[in-house]
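Reader: I have a structure to show you. I would like to know what stands behind each term used for it.

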2 protein chains.
Amino acid sequence: MSAFPPESPSSARKVALPSPFRLQAGGVLRGAEVAVETYGRLAPGRDNAVLVFTGLSASAHAHSHPGDLSPGWWETMIGAGKALDTDRLFVICVNSLGSCFGSTGPGSPNPATGRAYGADFPELRVEDIARASQAAVDALGIDRLAAVVGASLGGMTVLAHAVCFPGKARSLVSISGALAPSTAAIATRSLQREILGSALRSGADTATVQQAMRWARKIGILSYVGTELLEKRFARQQSEPFAGHPSGTAFQVESWLEHVAQKFIRQFEPWAYWTISRAMDLFDFGAHGANPQGDAVVHDHTPSDVARAASYLRLERALVVGVQEDLLFPVTQQRAIASVLRAAGIDTEYVELSSPYGHDAFLTETALFTPVLGGFFAPRADSTPPRRRGDGKPLAR
Amino acid sequence: MSAFPPESPSSARKVALPSPFRLQAGGVLRGAEVAVETYGRLAPGRDNAVLVFTGLSASAHAHSHPGDLSPGWWETMIGAGKALDTDRLFVICVNSLGSCFGSTGPGSPNPATGRAYGADFPELRVEDIARASQAAVDALGIDRLAAVVGASLGGMTVLAHAVCFPGKARSLVSISGALAPSTAAIATRSLQREILGSALRSGADTATVQQAMRWARKIGILSYVGTELLEKRFARQQSEPFAGHPSGTAFQVESWLEHVAQKFIRQFEPWAYWTISRAMDLFDFGAHGANPQGDAVVHDHTPSDVARAASYLRLERALVVGVQEDLLFPVTQQRAIASVLRAAGIDTEYVELSSPYGHDAFLTETALFTPVLGGFFAPRADSTPPRRRGDGKPLAR
């Protein structure tokens, strides 16, 4: 039943998705798979599994393990004695469907042609990322997750998972997520895709595509990073004035942006970036309704109604975390998530942090996030069964 | 002495700059000129002139006049009975040197070659904009301005004018300006120049340059506009889903950005945009020191010292206005301007406004700005001479 040996303290492998794998917007993938890493041990009762959804650009490598000793993207939050304590929890991280670190995405070969999908990759939605990851959970033989956790895109994905699979997770943790993107976030991401898509669709040479990818990534970084942090780090220092750069200046903040963007284009597949970015802009938790069969489905053209969507959730507890300096997923959006969950009768903790790292705080501010997440995942002091608000509702109505 | 008939209620014309016109960074312009408009009448004592500096992209056409009935960019703030009351004030607006609305800029013919300067336009600084505008004031036979006024780049330019020409203006009004750009502002502007400069320097065809200009302008707009305003106006509405746009989406906010960017590229010369954008990033009020001859000069490589620079100012009064929602020129920068002016002994009023228009508020929020500017320019109730703090200091030290 399980594709993984649950006794393995940590492992990385591929999980084949059901084929055909139907996507929410109507597309189909055949022979698709996702890359999965796990940390810790699945308890005999299979009730200690936590599924971690990633941001736009991360891999399944959330933590180092014997097969890959490089630090994972959440190295400081996962591990023995850490916030996600692998002495007690079995942590699962899946590379998002549509990405490029082992999961099927636009850079993967299209079985119909033998060439990379590129522009032919079917339209991806956040819900598809949730479903592909749930397929990995199924393959692990886990009937119910202790929690789904995610930040940024991952914060959207936990909401998508919760509404697509009511009851499949007992709790959720949303960090710097959103019920739907803000208009400003759509504007800055759609501009990135316009720049990148213009190069990709024109069949431009590699250098031109890479240039577009660098520009898109720089726009993205400027939407993630806290402005005070830039001020403190770089001020107005210039490396070597007027070094012939196309900007006509050589401020250190430019060199840093270039360095980060160069690193990114060596790692990330351009169509994958474009595809997942679009999925983020199209996400709308409130679009989830019910069809006559009682399944939670998305109706793109019905008015968004977050309360209706939340009525399908079956969660015991939720933790929502926002960062005051986050301009891309502002705290107004975090408060909205908490309000919607509470209004649906879910026992919801809301925590607002302050960090100069802004939207990226969850990646770097270990000291801030550890007590918040650690507290949520700590063994409950009381021995009474947890309150189970919100799961008494009918799945369909 | 005057190139203008002061009796004219309003006029538009060109003023020739001294030739050669030496630029701060070492370059020289020959046969340069600036486009100037005036509104109202110069008083017999020539003491009612107010010089208005523009933002990055505006022309000298701040108000309609018989020769050009189209509304000016500050139509609602200038005029009989308005905040800048042309029944009492003689308002002068100059198209910035380096721009493209009649003043010499990169799109103007280089007398050495007969072709447009383009990349050969000498390095421009904000101080050069101040000096070229002051040359127009000199040509009008005005020895001392009642005030210099400006927002955004104009706010930087009033500070440059005040330190380059101590005593030439009795007061200043800085709206959403800066002693120096924030690192985040440098990052977002230098990225615009990188995109635009890459096309311009590669000798790309017109369509490619226009594409780069559109992208640069969109990045700029997203740094000006308030995020709440975008949310209210567009939310997540889509015009016609997936219309083949390179972004893969068709959100209304994208159509609006495209419309505004398309309009801009029909009006603004690409190298002028690049050149003035760079001048903004290189501005540093605190770099102003003194040479042995006692002239206020800029030393690029001495540490910035805003108090030293402010000690050269000879101003009676100042008004500093910030907008809380402005992310590009945040209120921390506005408070810093007010503090520096106060510490230099200048009678300084500081006003912080709240507007969803963010950095662009000065262009649209007439109701908010009228009482603030109107109050500053109102005839003083007391008949005692105005306090003249700050002008008793030696020019050089």
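Reader: What is the handedness of the crossing where α4(A) passes α6(A)?

Author: The crossing of α4(A) and α6(A) is right-handed. A crossing is called right-handed if the near helix is turned clockwise from the far one by less than a right angle, and left-handed if anticlockwise. Before going on: this is a predicted model, in which local features need pLDDT of at least 70, side-chain atom pairs count only at pLDDT 80 or more, and totals for chains, interfaces and linings use all residues. Residues are numbered from 1 along each chain as its sequence is written, while chains are lettered from A and ligands numbered from 1 in the order in which they are written.

Reader: What makes α4(A) oblique to α6(A)?

Author: The angle decides. Helix α4 (residues 206-224) and helix α6 (residues 252-267) of chain A pack at about 120°, with axes 9 Å apart. Axes are lines fitted to C-alpha atoms, for helices over the stretch in contact, and angles run from 0 to 180 degrees between N-to-C directions. Under 35 degrees counts as roughly parallel, over 145 as roughly antiparallel, 65 to 115 as roughly perpendicular, and the rest as oblique. So α4(A) is oblique to α6(A). The helices themselves are DSSP runs (H or I, at least four residues), as are strands (E, at least two), numbered from the N terminus.

Reader: Which residues of α4(A) and α6(A) make the contact?

Author: From α4(A) come Gln210(A), Met213(A), Arg214(A), Arg217(A), Lys218(A) and Ile221(A). From α6(A) come Leu257(A), Val260(A), Ala261(A), Gln262(A), Phe264(A) and Ile265(A). Contact requires C-beta atoms, placed from the backbone, within 7 Å. These residues divide into seven nonpolar, two polar and three charged. Nonpolar covers Ala, Val, Leu, Ile, Met, Phe, Trp, Tyr, Cys and Pro; charged covers Asp, Glu, Lys and Arg; the others, Gly among them, are polar.

Reader: Why are α4(A) and α3(B) called roughly antiparallel?

Author: Their axes cross at roughly 165° and come within 10 Å. An angle over 145 degrees carries that name, and therefore α4(A) and α3(B) are roughly antiparallel. Their crossing is left-handed. In α4(A), the residues are Gln211(A), Trp215(A), Lys218(A), Ile219(A) and Leu222(A). They meet Ala187(B), Thr188(B), Leu191(B), Ile195(B) and Ser198(B) in α3(B).

Reader: How many residues of chain B are in contact with chain A, and which elements supply them?

Author: 39 residues of chain B are in contact with 40 residues of chain A. The elements that give two or more residues on the chain B side are α3 (183-201), α4 (206-224), α5 (227-234), α6 (252-267) and α7 (270-282) of chain B. α3(B) gives the most, with 13 residues. That side holds 18 nonpolar, 11 polar and 10 charged residues.

Reader: How do you know that the copies meet through the same surface?

Author: Of the interface residues of chain B, 100% are also interface residues in chain A, so the surface is the same.

Reader: Why are the two copies said to be related as by a two-fold rotation axis?

Author: Chain B can be laid on chain A by a turn of 180° and a shift of 0.0 Å along the axis, with an RMSD of 0.0 Å. The superposition is by least squares on the C-alpha atoms of residues with pLDDT of at least 70 in both copies. The copies are thus related as by a two-fold rotation axis. In chain B, the C-alpha nearest that axis belongs to Ile219(B), at 3.9 Å.

Reader: What makes β1 and β14 of chain B edge strands?

Author: In chain B, eight strands form an open sheet in the order β1-β4-β8-β5-β9-β10-β13-β14, with mixed pairing. Strands pair if DSSP finds at least two bridges between them. β1 (10-16) and β14 (347-353) of chain B each pair on one side only, as edge strands. The twist averages 20° from one strand to the next.

Reader: How many bridges join β5(B) to β8(B)?

Author: Four bridges join β5 (residues 49-53) to β8 (residues 90-94) of chain B, and these strands run parallel. Ala49(B) has Phe90(B) as its bridge partner in β8(B).

Reader: Where is Pro20(A), and is its bond from Ser19(A) cis or trans?

Author: Pro20(A) is in the loop between β1 (10-16) and β2 (21-22) of chain A. The peptide bond from Ser19(A) is cis, with omega near 0°.

Technical notes. Contact = placed C-beta atoms within 7 Å.
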